[in-house]
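This note sets out comments on the two-chain model under review. Please read the points alongside the sequence and the coordinates.

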Amino acid sequence: MTPRWRTGIRRVLGIVVRRRDLIQRDADDELASLLEARVDQLIAGGMSPTDAQAEAVRRIGGSVEIARTDLRHSAERRERVMSIREWFDDLSMDVRYAFRGLRREPVFSGFVILTLALGIGANAAMFGIVDKLLLQGPAQVRDVNRVVRVFWTMRLPTGVEQTSAEFDTRIYANIQADTTAFSGLALYTTAVRLVRIGEDNSARLVSSAYATANLMSVLESNPETGRFFTMDEQENVSSVIVLGYELWQSDFGGDQKIVGRTIRLSDRPYTVVGVARRGFTGAEMERVDVWFPLHAALGAAARHWTRNHSSGPRTVARLKPGVTLDEVAAAATRAHRQSYDGDEKAYAEGRLSVGPIHYGPSGVESTEASISRWLVGVSVVVLLVACANIVNLLLARVVRRRREMAVRLAMGAGRGRLIRFLLAGSLLLALLGGVGALAVALITGRVVRRVLLPDVDWTSGPVDGHVFAFSLVVALLTGIVIGVLPAWRAGSGDMIVALKAGARDGGGNRSIVRRALMVAQASLAMLLLVGAGLFVRSLERVRGLDLGVQPDRVVMVSPRRLAIPAQATASDRATEEQRRRDFAREAVDRLAATPQVEHAAVTIGLPFGNSASVTLRVPGWDSLPRLNGNDGADPGISAVSAGYFATVGTRLVQGRVFTNADRAGSEPVAIVSATMAATLWPGRSPLDRCIRVGGDAHPCSRVVGVVQDARRNQIHEDPSMHYYVPIGQEVSIDGTQIVVRPRGDAAAALPALKAAIRQIDPTIRYVDATVLQDRVEPQARSWRLGAMMFTLFAVLAVVVAAVGTFGVVVYLVEQRKHEIGVRVALGAQGGHVVAIVMRGAVATTLAGVVLGAVLALAGGRFVQPLLFETSARDPIVIGSVSMLLVLVASIASGVPALRARYVDPMLTLRDD
Amino acid sequence: MSEPMSLVRGTLDILVLKTLSWGPMHGLEIITWLESRSEGRLSIDDSALLQAFHRMEERGLVASSWGQTPNKRRARYYRVTAKGRSHLNAETAKLAEYSATLTSILSVRSAVRPT
């Protein structure tokens with residue numbers, strides 16, 4: 001006997017495969033009946049029974065056995081072919097019928113398709129991002145799974161272990177020479193926008209990076225035309241470049257004869273030796289327009305350590321087949337330690353580790369990658385909410401169509417046919433949703449790319465072959481998921497009852513499923529809302545940080561000039577430096593006088609820009625105290641002009657700020673940060689104290705003021721000691737910068753500021769102007785991204801759940817019209833009717849909220865590392881989100897409930 | 001009475017369909033009808049005919065079901081489907097044209113006669 005499950009499958013697929021023995025018996029019967037009829041006919045014609053028998057056998061070919069076998073074959077073949085054709089015929093009918101059904105209920109179908117489009121689209125968009133970030137890696141790299149980054153870990157003097165992707169090239173030279181686990185190791189720098197292409201008004205900065213000659217061979221990428229660098233070009237300083245594909249296309253029209261041409265970058269001539277393939281970005285993902293050879297010597301001399309240790313470029317390597325990351329890391333560490341001949345313990349004990357290419361510079365997965373992993377999870381949850389919701393609506397529809405189903409069953413449609421018919425409908429819905437999803441993915445993908453990964457050089461659009469295939473598969477799976485339960489319901493036995501009874505009541509166990517689905521979708525929506533709330537709060541905390549400066553109000557203006565030639569004498573150099581400083585002062589004075597500028601100042605050293613420190617002696621201290629996180633350096637110094645604090649927005653706490661009278665040659669004065677004052681002179685006034693900038697040999701600078709602490713590099717860092725001296729009184733620091741505080745929107749003022757500078761000195765080739773916020777923004781990006789995407793997805797989930805609840809309650813009211821009619825007829829008040837209807841919906845939502853809260857509390861620790869000064873169990877977030885959900889549920893169920901008051905008892909009762 | 005002749009491939013289906021166009025018949029009825037109409041010139045054995053029915057049912061030209069003969073015997077009845085009918089019409093036209101062409105070529109008398 002055929003096992004039950006097989007008949008089950010047949011039932012679901014609706015293929016009427018008759019059992020083989022039945023088909024054979026059928027064929028045998030046919031043959032026998034023919035023979036009998038023939039014998040009868042022959043006897044009737046006057047033959048004797050024996051002769052008739054013989055003649056009948058002769059006419060079927062002489063052998064009953066052979067005839068039987070032949071007939072069995074042809075019968076089996078017939079059944080096979082016919083059952084397949086029937087299946088397809090039925091399918092096309094189902095699809096046609098499903099289409100008609102969609103058109104008959106356009107609002108229902110439109111809502112389901114839209115919901116699925118959003119749910120699947122969100123997944124497709126996130127899949128596209130993760131595909132690039134985690135699976136495919138940088139473009140034009142072959143066998144990316146064998147490509148790894150090398151990290152350097154050492155213990156800082158503070159005792160903290162620090163891992164970085166950037167390390168001394170001598171470590172590189174040594175592991176390159178002494179390890180065999182890598183099939184190649186290359187060095188490169190990350191892309192920066194410093195190189196100028198073009199002249200005057202058409203001048204712009206392009207991104208450039210340095211790389212060793214073997215970068216392309218390690219990544220197994222070929223140039224589009226020409227070649228990459230040679231070892232000779234790497235070891236000797238040479239003026240050759242490889243162009244990025246996009247720059248080659250945009251500025252040189254894809255000129256095939258570009259190789260050998262000389263082009264000017266930042267006023268220097270370079271010879272083009274090759275063009276990289278489209279999208280080639282080395283081991284990083286940021287676009288590179290120009291590649292320069294990275295000067296890295298590898299000879300014996302280059303492997304010898306002296307006292308100076310430095311940090312260098314990044315390293316990318318290809319593993320030999322069959323070696324593991326740990327083996328390679330151990331081999332590299334061994335090679336380094338054996339070769340180290342310097343005298344620093346931290347270096348001697350340093351170690352190397354190896355990680356996959358999607359790891360960030362600190363040796364762990366990049367924040368963007370982890371957040372996109374989270375967002376994948378979130379988008380799956382959104383899809384689940386959408387599915388739960390649609391299943392509920394479909395279930396309701398099945399009940400609504402019970403009579404139709406029952407009629408179909410009664411008219412002889414197999415249960416399997418019925419199930420398949422419903423499945424065809426849900427698959428059709430899902431596929432249409434999938435088509436819509438591609439549009440959603442296109443839009444969402446664009447937004448996410450711009451917000452999450454603005455620097456990544458995307459080689460394909462948000463919807464590529466992978467995303468398309470992914471959407472198709474997800475759509476099919478979704479179609480099955482949303483179809484199975486309603487189909488199962490429809491196929492279950494109580495259908496016949498529906499024909500007999502009036503098809504009004506809901507039935508007990510069906511509403512359990514419905515409740516469970518509503519609870520599930522409420523709890524998932526709750527989870528997402530909690531996530532969104534946590535990220536929004538993190539972002540609020542980040543935004544609310546008092547950085548000590550106001551980066552959104554400050555513009556940095558840097559005139560670019562020719563570099564001072566290397567062969568210039570010290571006095572020439574000093575003269576040029578002085579000339580530039582004079583220009584900066586003049587420019588600041590003239591800018592400050594214009595109406596659109598509030599304040600302007602000259603500074604050396606700027607928060608989120610550059611910082612410096614020099615030897616500092618303070619009477620009363622043998623050595624200055626070291627604060628947390630400050631790895632042994634003296635307090636930071638800035639040299640600033642009179643308007644500096646007003647320009648950047650650092651508040652004066654005590655004393656006075658600098659005036660124009662504080663200059664080179666006047667009395668040496670200084671302003672200290674609040675932390676410095678509190679650390680060096682606790683409980684005493686810091687004013688009129690003496691600090692010696694540059695060491696004991698230098699004169700006293702009298703402290704004239706105290707300003708609030710300002711962040712130097714990170715939006716989240718421990719306060720450090722910092723002091724300011726008037727520009728002109730600084731010791732051995734340089735690099736003047738102009739900072740401007742425009743009136744109104746800082747970004748809008750950029751073109752006017754650039755023009756103003758060029759007007760003051762027309763010989764300046766290029767003016768770079770940036771809002772300081774642009775330097776700060778990347779540090780807040782992960783929270784901004786999390787807040788934005790979580791909120792987007794959570795709103796999506798809540799809208800879907802709310803509309804779903806609305807739909808279900810409308811249906812429930814419809815179903816309970818009779819009961820409500822009776823109640824109204826017996827004198828129930830309107831408020832009572834509303835309460836009955838709403839009670840169920842609000843109760844299930846509450847259950848979902850509680851379940852979601854429990855899940856959120858349990859899962860909190862996973863999301864904690866991504867938050868900023870916010871507990872993953874923040875009671876305010878959980879509380880407010882719960883209230884929001886209950887409110888939404890009340891509205892979604894309240895509207896149809898209010899309508900239920902107007903049920904006319906006479907109309908409904910007359911139905912019977 | 002001439003020798004039994006073999007059928008051009010595909011023609012048997014047309015003949016069966018033509019037969020069934022008079023109404024549903026069971027296997028032997030079809031065979032007898034064909035035999036009487038061709039005056040015994042068609043030589044097809046019964047087993048081959050049954051297989052042909054199966055093939056035609058497989059192609060959707062005919063449909064079958066079990067029924068009772070006037071002599072109260074069980075027999076499998078065949079009837080022509082809509083698809084079979086249009087197939088019959090199309091093929092009949094084709095065959096007629098084919099045979100007309102053949103006839104017109106073969107009936108040309110040769111101009112030169114050996115003496």
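1. Basis of the values. The model is predicted; local features need pLDDT of at least 70 and side-chain atom pairs count only at pLDDT 80 or more, whereas totals for chains, interfaces and linings use all residues. Residues are numbered from 1 along each chain as its sequence is written, chains are lettered from A and ligands numbered from 1 in the order in which they are written, and side-chain values use heavy atoms, with hydrogens and water left out.

2. Make-up of chain A. Chain A contains 26 helices and 24 strands, taken as DSSP runs numbered from the N terminus (helices H or I, at least four residues; strands E, at least two). Of its 912 residues, 49% are buried; the classes are buried under 20% relative accessible area, exposed over 50% and partly exposed in between, with a 1.4 Å probe and protein chains only. Contact denotes heavy atoms within 4.5 Å. Among contacts in chain A between residues at least 6 apart in sequence, 80% join residues at least 24 apart.

3. Nonpolar cores. A nonpolar core is a set of buried Ala, Val, Leu, Ile, Met, Phe, Trp, Tyr and Cys residues joined through side-chain atoms within 4.5 Å. The largest one has 79 residues, and A:Y644, A:I715, A:Y724 and A:F793 have the most contacts inside it. Helix α22 (residues 773-815) of chain A is the greatest contributor to this core, with 14 residues. Another core, of 46 residues, lies apart from it and includes A:V588, A:L591, A:L750 and A:A756.

4. Surroundings of A:Y724. Not counting residues up to four places away in sequence, A:Y724 touches a set of residues that includes A:Y644, A:F645, A:F658, A:V669, A:I671 and A:V707. The neighbours of A:Y724 also include A:S638 and A:R712.

5. Extent of the interface. Chain B contributes 21 residues to the contact and chain A contributes 24 residues. About 2,200 Å² is buried between the two chains, 50% of it from carbon and sulfur atoms; buried area is the accessible area (1.4 Å probe) that two parts lose on being put together, summed over both. B:L28, B:H54 and B:E58 supply 31% of the area that chain B buries against chain A, more than any other three residues.

6. The rule finds 9 salt bridges between chain B and chain A, a salt bridge being a side-chain nitrogen of Lys or Arg within 4 Å of a carboxyl oxygen of Asp or Glu. B:E58 forms one with A:R77, the closest N and O atoms being 2.4 Å apart.

7. The largest share, 7 residues, comes from α3(B).

8. Salt bridges within the chains. Over all chains the structure holds 43 salt bridges. A:D26 and A:R78 meet in one at 3.8 Å, N to O. A:D26 lies in helix α2 (residues 20-44) and A:R78 in helix α4 (residues 64-104) of chain A, so the pair ties together parts that are 52 residues apart in sequence. Both residues, A:D26 and A:R78, are buried. In chain B, B:E91 forms a salt bridge with B:K94, with the closest N and O atoms 3.2 Å apart. B:E91 and B:K94 are 3 residues apart in helix α4 (residues 82-106) of chain B, about one helical turn. B:E91 is partly exposed at 21% relative accessible area, whereas B:K94 is exposed at 54%. Salt bridges that share partners also join A:R38, A:E55, A:R58, A:R59, B:E35 and B:D46 into one network.

9. A loop residue. Is A:S221 buried or exposed? A:S221 is buried, with a relative accessible area of 6%, and is found in the loop between α7 (215-219) and β6 (225-226) of chain A. Leaving aside neighbours within four places in sequence, A:S221 is in contact with A:Q140, A:M216 and A:F280. A polar atom of the A:S221 side chain lies 3.3 Å from the backbone oxygen of A:Q140.

How values were computed. A polar contact is a pair of N or O atoms within 3.5 Å; within protein, one must be able to donate a hydrogen and the other to accept it, and residues adjacent in sequence count only if both atoms are side-chain atoms.
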